[in-house]
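Reader: I am new to this structure and would be grateful for a close look at a single part of it. Please keep to one connected account.

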Amino acid sequence: MLRITEVADDLGILLKIEGKLREPWVGELDRTARRPLAEGRGLIRLDLSSVTFADEAGVRLLHELLGKGAQIAAASGYVRVLLCLEDR
């Protein structure tokens, strides 16, 4: 199960992602994150501190979102290793 909470603030949009980022839910996160990017609603930040698992499709989507300008607001050690962020 995946929970996505969208919070607007002065910087743009913070998406708090909780649970397991698996292929069945990747499309939902993709739509939720790309909508504000397409609308030019400012910076997209991802709070991944409560992500407990990500499969290959989930990791691929996160890399795509980062490539499109999204930023990591917070991430667990698990997610940092998956995304090769341990040195950032």
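Which residue in strand 2 is the bridge partner of Asp9? Please also describe the surroundings of strand 2.

Author: The model under discussion is a predicted one. In strand 2, Gly12 is the bridge partner of Asp9. This pair belongs to the setting of a hairpin, which strand 1 and strand 2 form with two residues between them. Strand 1 covers residues 2-9, and strand 2 covers residues 12-21. Eight bridges link strand 1 with strand 2, and the pairing is antiparallel.

Strand 2 also pairs with strand 3, here in the parallel sense and over nine bridges.

The account may be followed onward from strand 3, which spans residues 43-54. Strand 3 runs parallel to strand 4, residues 71-75, and four bridges join the two. Within this pairing, Leu46 has Ile72 of strand 4 opposite it. Between strand 3 and strand 4 the chain passes through helix 2, residues 56-67, in a β-α-β crossover that is right-handed.

To return to the part requested: strand 2 pairs with strand 1 in the antiparallel sense and with strand 3 in the parallel sense.

Technical notes:
Residues numbered from 1 in each chain as written. Predicted model: local features only at pLDDT ≥ 70, side-chain atom pairs only at ≥ 80, totals over all residues. Heavy atoms only, no water. Pairing = 2+ DSSP bridges. Right-handed = clockwise from strand over helix to strand, strands pointing away. Buried < 20%, exposed > 50% of the residue type's maximum accessible area, 1.4 Å probe, protein only.
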